[in-house]
Structures are given as structure tokens and as C-alpha cells.
Amino acid sequence: MLLIFGFAIGMACVLNYFKFESTLDHLQRSRIALVAHEIADNAEKQLTIGLALADNPALQQQLQSKLKVDPLIAAIVLVDAQGRTLARSGSAAAVADAAQPFTLSRVVHDAFGEVAGSVLVRYARSSRAQQLARVRNALWRSGGLAFGLFVGAALLLLAAARRRLAHALAADLRVVQARVAEADAAISDVEQRIARATP
Amino acid sequence: MSALQRLGWRVATLAFVMLLAALALPSLVAARLFERELTPEYAATALTLGRSLQTLFERATTHDIALAQLVGVDALFSQVQQQHPEFELLALSDARGQVLFRRGGSVQAVQGLRPAQPALHDSGVYSVLTLPLNDAGGGRAWLHIGSHRNDLQALLRETWLDIAVVFVVALFITLELLRMLAGGAAARPWIELGRTLRRGHHGDFSQRCDTATVRELGALPASLNRLFDDVQAHYTATRARLGGALRGCGAAGRRQLRGALRLLRALRRRWHFEVRARQAPALAEPLMRLRAPLFLFLVAEDLSRSFMPLFTSTVYSPRPGLSQQLAVGLPIVLFMFIVAVLQPVLGRASERWGRRRTLLAGIALGVLAHGGAALAQTLVELLLWRGLAGAAWALVFVAGQGVVLDHSDARSRSQALATFVGVIMVSSVCGPSIGGILADGLGARATLGLAALLAALAGVLAWRGLAPDVPHARQAARLRWSDARQLARRRRFVVLCVAGAMPAKIVLIGFCFYLVPLVVLQLGGTLAMAGRLIMLYGVIMVLVTPLAAKWADRRHRHAAAVLAGLMLSALAGVLPLALPGLAGVAAAVLLLGVAQAISIAPQSALVARVCQPEIALLGEGTVYGVYRLVERTGNALGPLLAAAVVQRWGYSEAFAAIGALAAVAALCFGATFGWAAERTAHA
């Protein structure tokens, strides 16, 4: 039974942790999307007046300034439709780390609605990992405490139930014995009548 | 109630309260943690937007353009608000505190806000983030970004509700696991002893305890048995003596013995001495043994419900004539179609093959289907595996239903079916919620893999727990059209199906699963809110179904329960019109849950009562197969009818139309089965 309660508390902790992780992801992604959208919007405005993506001399400076907008952002890369890098900001390691899952991309369309390129914003996992570890530890601690308190209370309950069990069984047995004695007496009554009727 | 039973109830109640407290503690900690960690994250979004706009404005000032002279700021603010409607107030004020540009909110909300560093203020209904900017000529200006204070509260409320959902899911799963434990071998001696004592209290000495029992009980079961054996021997000897005396005496002696005979007869009415075989627990043991594997299998299937459309979109590749919107619905449609088509056929097949073998075959197919879906790379592969999952579900459903029908009689059928429905409802409440959260955390493929593992565990439990099949008394033949025709001649069966089962499903699917999500979104709610309302339906079902079934079985009021369910469904249709807003929808879902909970198990039990001759002739599998086919037709018709009414008139009218359909069905049902006064025993 304790295993079941432990499983239930553990499951609640794990599910709450996953819920927190997804809410945090959602909030952070929507924040980073804000920056990606703005860069992509500016690039699209530039395309509508006939300039190519790479033609903007202030592009590099713009990406550099957007890098400072949020401490989570590790790198921003603007690529053309063929995937060639046109401009980038951030550390080389962060730019190169294309495999990491914390990348948000926003497609840039030209005036005809064709894909002209993409803005890729890579954001750091370190602060997120710390935040998640903090929550994970706090949840496990609370789960462990709840389980410990539960085990303690369960042991007390069990001890109390054991003490009362003997009383309860004795009380029940007394009632049943009384019923049996009652029935026995009634049967004896029948026996006496038979005895009286058959000398 | 015996002292042992009273003690058992007290221990169970205290253990339940302790469980609630034990689950509440991590939930409360999670709620506080979420608030502490997510509030700065929420505020950081405004800061990121502010810094982004700051770079834009300050670029202008580097060209010596004063902020007051900038053009297009209103358009910029408008564009920002289109993309981020949560920022209702955007304003720019100069060094004197005069508002230069503003979109949304009021001037008063930003007046006097001139901090040296970015700072968050509560101003009226807004939470305003103010950032200092450099203006041309070395001046200062401030950018204000305000969001409604309720937005953060709404986000936190959403997370609290999610935590509450996790709490309910963990509680339900624990209670389900505890029920499995309570139905297991460890609890049996206690249940038997409790029952023997209770019967002994009432003068019934017919029951005996299992003497190979638990340590805490000591010699009690044996001494109780001895006590009953002695009194029974006493009674038997006296009866034999009286019999002998009656045979050996003349008419005069018989007259004298008449008083003893009368006493003995009175004794037999007052006490029960004849030893009966040990009775099974309240619900037959095979049902309790079915519970665990059935629950695990259904949870495994329900895990993928919440993310299947999204997962389908990841394996979809564009094909002519098949849009992504259509493709994401295909696995669900295929699953439902296969379940509906196979159920009538498999009803008889499970009688031929044996319930255990059918159940194990279904579970094995389920393991294969979930594992295959986890590895699927194309839409065709996924469809194949989901089709197989449909066949697995149908096999397990008919086998489970078969076990319920085989091991229950007219007195306990509703309760047995309620147990079956209860397991389905608990899994449908817990499975999608856990599945959605797990898919977020582990990914859809890993969650499907976990589903395969759970189904495999269900297989092990079924293999070890369920007794080997015994050959069915009557070899079931294949389902024929003539069988359905024969059933169609039974008027009450037709009315039960067409005015009872089918409308119930039309109301459920059309109302709860089609209209509610759409109306909640229309009223400004979220899909998560719709999901929680649907979960509320499931919770009501889990809580009320066993109670209603017990009542219907005890009072023989199965028809009355179905009628009451239909009438309450009709009332639920009117509620969204009477109570506008989300409160009306929630009240309607609640009432619909009660309506379905009251009627669902008695409705199934009524089939066996109404079709006794047909069951004797065709078998339960066939009769229930046809009944389930008609019922599932209601599943398909529900959304179609609701969509047709919505398209022509609107949402409120669709609720009312569905309510009206339930009212008409109630009238037809009442006219055929009689009104509440009629007891099912006479049906």
C-alpha cells in the first residue's frame, strides 16, 4: 500500500514538474519569438522596397543590438532561402550549435510571399536548466516530506487500528456468541418439548 | 454494521484523508513555486519588448531626431499590439512627464512614472513596466508598457488549475490501484470475516470463514466456525430427533409434537443454520481481477488521445487531395470506425474463443499498435497502427464486457456494468491529462512507448489474474443479419436502442465533445479550460455511476434511471440559454454528467432484462453487439447533428436542439417503458 502512495506522490511531483517545464518553455519561447518577429518584420519591410536581405548595411548592428535585448538570447542568425548565413551575432559556439533544441526560427517572406530566408534565434539553456533544477529539487523535497509524513501517520493509524482491532473483534464475537446462545436456547426449548411429548 | 466493519470504515476514511493531505502538500508547494518562478518570467516578456523598442527609439536619437518628432510611432504601437495583444497600454513620455504617444489605457496610468532604471509599477488596472530612454540633445524620455494585472492572475490561475488536474488524476489513479489491492487475495479473509460476523449478528449462521487466514485474526475464524458448527449440529440433531419422533408415534403423539414442530419452524424463520458455500466478495472475483488489466490497457490507449492530432501532423507529408487538417483527424476516425464495426462481430467471437483469450489477444495487439505508432514515420504507417489499436480496443472491450455479463446476474448487473464503466471513465479522465503532460516532457514517441509498456503490464496481469476459459455452454455462431432482424421485432429493445442508447450518445458527443470546446473558445476561454470542463464530466461520472447503479439494482428501477437520465439531459440543453457565459456551460456539463451517470449502467443492464428470450437464443454477445453498434452510431451522429444546427442557427440553439432531442427521446422511452412507477422486474 505504501508503494502505491509513494507512486501517487511521485507521479504528482513528476507531472507538476513537466507542467512547469512546458509553461516555462512556452513563456520563454513567446518572449524570444517577439525578437525573432521584429527582426523578420524589419527584413520583410526591406524586401518590399526592393532591397535584398544582404543589402542592409545596418543588419549586423541591428542583430547585435537585439542580442542585448534579452539575457537568454545566445545568438541570432539570418540565413537566406538556401540556408547560407547572411549575418549573425553572438558567440561562434552558440551560432554553430545548430543541433540544440532551443532555437526559434521565423521565416522571412518577400513581397510575393516566397520564402526569402529565416531568422534563427538560439537561446541559452543554462539559466533555464538552473531554474528547472531549482523547481525539481523543491518538488522532490516536498514529495519526500509528504511521503515521510504519510508513512508516519500511516504507522500511527496502523498501530491505533491494531489496538482497536482486538476490541472490535471481541465485541463482534460477543454479539455473535449471544445470538448463538439465543439460538441454542431456542433449540433446547424444542428438545424439551420433544422430550415431554415422547416419554 | 459490525464493530469490525465500523473500524474498517474509520481506517479507510482516515487513510483517504491522509492521502488527500499527502497529495495536497506537493500540490501546494508546486502552486507557490510556479507563482514565484513564473511571475518574473511573465514580467521579462514586457522587458524584452521594452528593450527591443528602446533600441529602435534610441537609433532615431543617434540621428538627432527628437522622440516627439518621430513619425509612425502610433503605427508601430498598433503593430506591436496586434502581435502581442496582452500589452494593452503602450506609451512614450518626455522629460516633463508629458505623454507624447499613447495607445490603449489612459494618460493617468503612466503619469509620474519616471524611474532611473527599468521598473514595474501597479497603476490602476495595469501593471506598467517603465524604461528610461535617451532623447535627442541629452534629454530623457520613458517608454511605458502596460498589461492588465488580471493577465498575470489569469496565467497563475491556469497553472493552479493544471496543478488541481494533476491532483485529481493522481488521486483517481491511487484509488483505482487501491481498489485492485482491496479486491486481491490479501483483503479476502477480512472481507469474509466481516461478512460472517455481520450475518452472525442477524442470526445467520450459514457462512463459514476461511481458516487459512492472516496472523492478526488469530484463531478467531476457526472458533467462529466451531461456534456455528456446534449450533448447526445441535439444530440438525434436534430436527432429526423430531423427525424420528414424528415417524415413530401415533396420531396422539403427533398432536403432542405439533407444538415442537411449530417451534422448530419458527426457529428456521428466525435463524439460518444450513451451511452455504463461501460467498464471493460483493462483486464477483473475476470482475475484480479484470479491473487492473482493463484499467492499465485503457490508460495506455487514452495516453495518446490528447496529442495524437499533433503527432499526426509531424508524420504528415503533403499529398494531393489530403490537407493537413483532414489528415490529423484520420487516425481518430479510423480508430472509431474500426471499434464500431468490429464490436458486434467480436461479441460472438469472444464467446467462441473465450473471454481470457480474447482479452489477451486484444492486449497483445495493443502493445504492438502502441509500439508501432511510436516508431511510425509516415501517415500510412501511423494509420495502420491506429487501425490495429482500434481492433485491440474492440477486442478488450467485448472481452471485458463479456466477463462482466458472465459473472453478474439480474440483481447485480447494473453494479457490475458500473464497475466496467467506472474503469473506462477513470482512464478517460486520467489518460489524456497524463498523456498531454508526458508528451510535453518526454515527447510523443516516448509516451507512445510508455503506452506499449503499460499495455504489456496489463497483459501480464490478465495472464496471471484471469482464470482459464471454460467452454461456453452454447457454441456461439457468427453474427447474421437475421439476428438483427429478430432483435428488431422486440419493440422494447428497439426503443431502448433508438430512444435510449443512441440519443444518450448523440447528446454526450454532440454536446460535451463537440459544442463545449467551440463555445468555450467563443466565450474567450482556452482549450485547456474546455478540457477541464470535459474532465468535470468524467469526474461526475466516476463519482455518481456506482451509486446510481446500486440504487437501480436494489430498487429494480433501471427504466426509471434511463428516463431520468434523458430528462436531465434535456434540462442540460436549456441551461446554456438560461445561464449565459462559461457558468452556464459548466452547469450544463455538470448536469449532463449526472444524467449520463444515472442512466449509462442501468441502460446496459436493461438490455439483458428486455431481451431474455433473444439472449437465450442468440447469446449475450450478439444482443450486446447490436446494442453497442446502435449506440456507437449515436457517437457518429452527435457531432454531425450539432454541426448542422450550429451552421444554420448558432451555438445556443444547438444546445437547445440537442436538449429537445433528449426530451423527445424521453417521451418515447417513457411511453414505451411506462413512467417512473414501473419496476424493471416487470419489464
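In this predicted model, the secondary structure of chain A is made up of four helices and four strands. Followed along the sequence, these elements of chain A are arranged as α-α-β-β-α-β-β-α. The radius of gyration of chain A is 38 Å, well over the 16 Å given by the globule rule for 199 residues, so chain A is more spread out than a compact globule.

Of the 199 residues in chain A, 36% are buried. Among the contacts in chain A with a separation of 6 or more, 63% are between residues 24 or more positions apart.

Turning to chain B, the domain assignment gives domain 1 (44–151), domain 2 (203–270), domain 3 (290–473) and domain 4 (479–683). Between the C-alpha centres of domain 1 and domain 3 of chain B, the distance is 55 Å.

One helix of chain B can be described in more detail. Helix H13 of chain B covers residues 444–465, which amounts to 22 residues. From the first C-alpha to the last, H13(B) reaches 31 Å, close to the 32 Å expected at 1.5 Å a residue.

How values were computed
Residues are numbered from 1 along each chain as its sequence is written. Chains are lettered from A and ligands numbered from 1 in the order in which they are written. This is a predicted model: local features need pLDDT of at least 70, side-chain atom pairs count only at pLDDT 80 or more; totals for chains, interfaces and linings use all residues. Helices (H or I, at least four residues) and strands (E, at least two) are DSSP runs, numbered from the N terminus. The expected span of a helix is 1.5 Å times one less than its number of residues. The radius of gyration is taken over C-alpha atoms; the globule rule is 2.2 Å times the number of residues to the power 0.38. A residue is buried if 20 or more other C-beta atoms lie within 10 Å of its own, exposed if 12 or fewer, and partly exposed in between; C-beta atoms are placed from the backbone. Two residues are in contact if their C-beta atoms, placed from the backbone, lie within 7 Å. Domain bounds come from an automatic or database domain assignment.
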